[in-house]
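Visitor: Please pick one position in this model and look at it closely. Then go on from there to the helices, domains and ligands.

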Amino acid sequence: MAEAEIKKGLAGVVVDSTAISKVNPDTNSLLYRGYPVQELAASCSFEQVALLLWTGELPDDVELADFTAFERSHRALSPELKQIIDALPTTCHPMDVCRTAASVLGAQDPTAEDSSREANLAKAKTLLAGMPAVVAYDQRRRRGQELVEPREELGYAANFLWMTFGEEAAEPVVDAFNVSMILYAEHSFNASTFTARVITSTLSDLHSAVVGAIGALKGPLHGGANEAVMHTFDEIGIRQEETAEEAEARAKAWMDDALAAKKKVMGFGHRVYKNGDSRVPTMKAALDAMIEHYDRPELIGLYNGLEKSMGEAKSIKPNLDYPAGPAYHLMGFDTPTFTPLFVASRISGWTAHVMEQLETNALIRPLSAYNGPDERHLA
Ligand SMILES: CC(=O)SCCNC(=O)CCNC(=O)[C@H](O)C(C)(C)COP(=O)(O)OP(=O)(O)OC[C@H]1O[C@@H](n2cnc3c(N)ncnc32)[C@H](O)[C@@H]1OP(=O)(O)O
Ligand SMILES: O=C([O-])CC(=O)C(=O)O
């Protein structure tokens, strides 16, 4: 067999088609089912966007009301799942709790083995409705706080914040959180979605695909970067008494040192976008709103300092995780909770891909080039 060219990391390889989203690095745009993500973020709720991703169309009033009623009645953490979460050490990463919870929810679901589109859509809706309670409760128990029950009169974003903090969030915070959920929802064949599609391609079940996707998202080269951004801010040092200019100067110096030491700085760079991530301007605007709301100008100084230095030294632009990290910090989330927030959102995209994969399934099984020892024999 002729030697095949190896495409490390599948970079530049088109493995299948999708109608769910279009990432276009040339125009720096992202469409969900044809709609620019910025327009969706400006006008829609996360619930509407999830339905769009799953069904291909934005819901009409009746469809939205049906889903809203379903979502609001499936938010509570079951006593069994709560007990399992309580048994996990608080030293484990919250992504481990998410992964475990998704697996438990699969094991508890009587329709888990039914991979019809109808059953998978119902499972996707149930998972999306149930994950906020897992993420919120896990952060609370680590702080020694009690479970907060969901409130049916609140929308998804407002209720998520309510269950996490036990108080009603201000409107600008709910809006910024809703925007982040929409921006994180879907991004074509990224590593976690591809993982979900690989698992689905074996005709395994939807929950298994989501569990695998959570594992793939955890790494700092993917979803884990939103936490890593905050670790960078912490390493530079957040000094509330500082002006934005003072913070910017320290951040620039930190970045210069980091790049001189050939460090990879999380929150920058992207496999597909080489000219800036299409979602960053919208998330940056949400971060700006949070900075204003909480009156924390020093954080924008850190943000600008890192971005400028990276841009000047390497022309590498921030990705979505860069503004999302400090925005979640300002909202009050603990840093290790950031990637679970990404999970809660991306469940919509992952499950849409599971359903799409099954429509025209082919087992995903690439080839490898062997570079081990030549054939040899025992004695
Ligand atoms: C929501 C998301 O998942 S978005 C992605 C989140 N991930 C991160 O923020 C992690 C940091 N970024 C990175 O590691 C990379 O940019 C990736 C993995 C996202 C994309 O990487 P790839 O397309 O594989 O590019 P690769 O890692 O080969 O980088 C190309 C060059 O840019 C440099 N580079 C890329 N990103 C960074 C970075 N964040 N910091 C410093 N240098 C970087 C690389 O060192 C490399 O330089 P070299 O050619 O001199 O060796
Ligand atoms: O597309 C990617 O490789 C990573 C990403 O930005 C995402 O999953 O949102």
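**A close look**

Guide: Gly215 is partly exposed, because 16 other C-beta atoms lie within 10 Å of its own. On this scale, a residue with 20 or more other C-beta atoms within 10 Å is buried, one with 12 or fewer is exposed, and one in between is partly exposed, with C-beta atoms placed from the backbone. The model is predicted, and local features need pLDDT of at least 70, side-chain atom pairs count only at pLDDT 80 or more, and totals for chains, interfaces and linings use all residues. Residues are numbered from 1 along each chain as its sequence is written, while chains are lettered from A and ligands numbered from 1 in the order in which they are written.

Gly215 sits in helix H10 (residues 206–218). Helices (H or I, at least four residues) and strands (E, at least two) are DSSP runs numbered from the N terminus. Between the C-alpha atoms of Gly215 and Cys98 there is a separation of 9.4 Å, although the two are 117 residues apart along the chain.

A helix pair comes next. Helix H4 (residues 79–87) and helix H5 (residues 94–108) have axes that come within 11 Å and cross at roughly 145°. The axes are lines fitted to C-alpha atoms, for helices over the stretch in contact, with angles from 0 to 180 degrees between N-to-C directions. From H4, Glu80, Leu81, Ile84 and Ile85 meet Val97, Thr100, Ala101, Val104 and Gln108 of H5; contact requires backbone-placed C-beta atoms within 7 Å. By class, the H4–H5 contact has six nonpolar residues, two polar and one charged. Here Ala, Val, Leu, Ile, Met, Phe, Trp, Tyr, Cys and Pro count as nonpolar, Asp, Glu, Lys and Arg as charged, and the others, Gly among them, as polar.

At the level of domains, the assignment gives domain 1 (20–170 + 188–224 + 344–360) and domain 2 (225–331), with bounds from an automatic or database domain assignment. Their C-alpha centres are 27 Å apart. Domain 1 gives 13 residues to the contact and domain 2 gives 14 residues. On the domain 1 side, strand S2 (29–32) and helix H1 (37–43) each supply two or more residues, and H1 has the largest share, three residues. That side consists of seven nonpolar and six polar residues, with no charged ones.

The ligands follow. Around ligand 1 there are 18 residues, of which Ala225, Phe268, Gly269, Arg271 and Asn319 come nearest; a residue counts as near when its backbone-placed C-beta atom lies within 6 Å of the molecule. The ligand 1 shell takes at least three residues from each of domain 1 and domain 2, and divides into seven nonpolar, seven polar and four charged.

Two backbone details remain. Most residues other than glycine have a negative phi. Asn28, in the loop between strand S1 (21–24) and S2, has a positive phi of about 50°. Lys262, in the loop between helix H12 (244–260) and helix H13 (280–294), has a positive phi near 60°. Asn28 is partly exposed, with 17 other C-beta atoms within 10 Å, whereas Lys262 is exposed, with 6.

How values were computed:
Two residues are in contact if their C-beta atoms, placed from the backbone, lie within 7 Å.
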